[in-house]
Amino acid sequence: MDIHWHRDDLRATDNVGLAAAGEDGEVLPVFVFDDRVLQHGSPPRVAFMLESLAELREWYRDRGGDLYVARGDPTAILPDLAVEHDAETVHCNAGYSGLARDRDSAVAEALDSDGVALEDHEDALHHEPGSIRTNDGDPYSVYTYFWKKWRDREKADPYDAPDAIADVTGEDLPTLSELGFDEPEADIEPGGMTAARERLDSFVDGPIYEYEDLRDDPAADNTSKLSAHTRWGTIGPRTVYAATEEAAASAPSEAAAEAVEEYQGELAWREFYHHVLYFHPHVVTENYNEYEEGIDWRDDADEIAAWREGETGYPIVDAGMRQLRAEAWMHNRVRMIVASFLTKDLLADWRHGYEHFRDHLVDHNTANDNGGWQWAASTGTDAQPYFRIFNPMSQGERHDPDAEYIREYVPELAGVDADTIHSWHELSEAERESAAPEYPAPIVDHSQRREEALAMFKRARGEDPDE
């Protein structure tokens, strides 16, 4: 009997480590609630995880086995379990953050002292870190070139579930409160393998063919919304990719096939940022690209608080921040807008935004969130140039022209026409009072802050801001 140690791979199908553990017979699946990992959790993410674990346990029980659940230090629990059940190998799927790698190294050392091997497998990514490099052998720092190689590399087929599951029962699944978390304020989406598969099937059945045209329209709701499932591994990357390939083969037009490839590009973005994190683990807390003189962030506490609460007076920004609070999720285009607003209009350090997203997103992923925030802040790999600054009003008008998305999440503007919403920054105090008295005036002047941002980055680069 071998052991499979589940972490953020909460599925039984298309699971590389689990399939390997079951190759030679019965497999004992295990999940350990590790308090050192949980201290980085949040109510939405832990709630999603618990729902996904409950379904996974039922999947195993329906097949005559069980998911062994324990809480404590995996360096103690896993060696004891391996010795008790005479397991020669503990399988797991590789993690890429510094925290995950340190944890796995400690577990491997503890197991080795009992003559048990820890075998990790590449599961969450199609192509492991280091497998896609520049012609000089270096990891990529520019997505476009990474994407071309990623696109052309052969992808593995989905893996089958194991045939024999050990019936070894551990502890009951803990509740949120037992793990030290409050109930999430947000109405989070369902977790688990079934919900993941249903969402994938629904997406490739039609919306994927309009992805290129509608992906940046937050009111259209035309994205896959698989991010929480890929983050928690309730669906395998090979399963997702295979479904997109089938969709491409069945595409009704050349434009539809191009839309499928556009979505596949987003899958590659996810892997690109994981590669970046693997080779540059410091980016979690530090800039990927440091400036010669350092960036003198403004970091005004009141302005950051208004941003967090969705009270900035910039409608598309406030809609996004309120969607985050209501659903523990935000449309990707709006994520870019609110990140640009925090870093370029409020001149606030990207870490404030990263921490807020980490605490509120159900799909928070260290690699992707960090990559997105540093892109917006012009400190990351392949980042937005510092002189390209989103105008939050024109972004709202371009991507939500009828203000449908804005009105859904900013009820103060529910009865206001789109033209008034998109010109909110230009209205007089009396006009704003007449149109929506409960909605605030803009807390900053975008044009002024744009100039301040340009000057701030020029100083950081060691340049004269007046030139």
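User: What links the side chains of Arg238 and Asp14?
Analyst: The side chains of Arg238 and Asp14 meet in a salt bridge at 2.5 Å, N to O, where a salt bridge is a side-chain nitrogen of Lys or Arg within 4 Å of a carboxyl oxygen of Asp or Glu. The pair links distant parts of the chain, with Arg238 in helix H10 (residues 237-249) and Asp14 in the loop between S1 and helix H1 (16-21), 224 residues apart. Helices (H or I, at least four residues) and strands (E, at least two) are DSSP runs, numbered from the N terminus.

User: Before we go on, what sort of model is this, and how are residues numbered?
Analyst: This is a predicted model, in which local features need pLDDT of at least 70 and side-chain atom pairs count only at pLDDT 80 or more, while totals for chains, interfaces and linings use all residues. Residues are numbered from 1 along each chain as its sequence is written, and side-chain values use heavy atoms, with hydrogens and water left out.

User: OK. Is Arg238 buried or exposed, and what about Asp14?
Analyst: Arg238 is buried, with a relative accessible area of 3%, and Asp14 is buried as well, with a relative accessible area of 1%. Here buried means under 20% relative accessible area, exposed means over 50%, and partly exposed lies in between (1.4 Å probe, protein chains only).

User: Which residues are linked with them in a network?
Analyst: Arg11, Asp14, Asp123 and Arg238 are linked in a network of salt bridges.

User: And how many salt bridges does a search of the whole structure find?
Analyst: The search finds 29 salt bridges. Among them, Glu303 and Arg298 meet through their side chains at 3.6 Å, N to O; Glu303 counts as buried at 10% relative accessibility, whereas Arg298 is partly exposed with a relative accessible area of 41%. Another joins Arg461 to Glu463, with the closest N and O atoms 3.0 Å apart, and here Arg461 is partly exposed at 37% and Glu463 is partly exposed at 33%.

User: Switching to the sheet: in what order do the five strands come?
Analyst: The five strands form an open sheet in the order S3-S2-S1-S4-S5, and the pairing is parallel; two strands pair if DSSP finds at least two bridges between them. The edge strands are S3 (68-71) and S5 (117-121), each of which pairs on one side only. Neighbouring strands of this sheet are turned by 30° against each other on average, direction ignored.

User: Over how many bridges do S1 and S4 pair?
Analyst: Strand S1 (residues 2-6) and strand S4 (residues 89-93) pair in the parallel sense over three bridges, and Trp5 stands opposite Cys92 in S4.

User: Which strands does H4 touch, and which does H5 touch?
Analyst: Helix H4 (residues 74-84) packs on the sheet and touches S1, strand S2 (27-33), S3 and S4, and its direction makes about 160° with that of S2. Helix H5 (residues 98-112) also packs on the sheet, touching S1, S4 and S5, and its direction makes about 150° with that of S5. Contact means heavy atoms within 4.5 Å, and axes are lines fitted to C-alpha atoms, for helices over the stretch in contact, with angles running from 0 to 180 degrees between N-to-C directions.

User: How do the axes of H11 and H16 cross?
Analyst: The axes of helix H11 (residues 254-279) and helix H16 (residues 366-376) come within 8 Å and cross at roughly 90°. That makes H11 roughly perpendicular to H16, given that angles under 35 degrees count as roughly parallel, over 145 as roughly antiparallel, 65 to 115 as roughly perpendicular and the rest as oblique.

User: Which residues in H11 and H16 meet there?
Analyst: Trp269, Arg270, Tyr273, His274 and Leu277 in H11 meet Thr366, Ala367, Asn368, Gly371, Gly372 and Trp375 in H16. The residues of this contact divide into five nonpolar, five polar and one charged, with Ala, Val, Leu, Ile, Met, Phe, Trp, Tyr, Cys and Pro counted as nonpolar, Asp, Glu, Lys and Arg as charged, and the others, Gly among them, as polar.

User: Last topic, backbone: what is phi of Asp382, and where is the residue?
Analyst: Phi of Asp382 is near 50°, a positive value in a residue other than glycine, and Asp382 lies in the loop between H16 and helix H17 (392-399). Most residues other than glycine have a negative phi.
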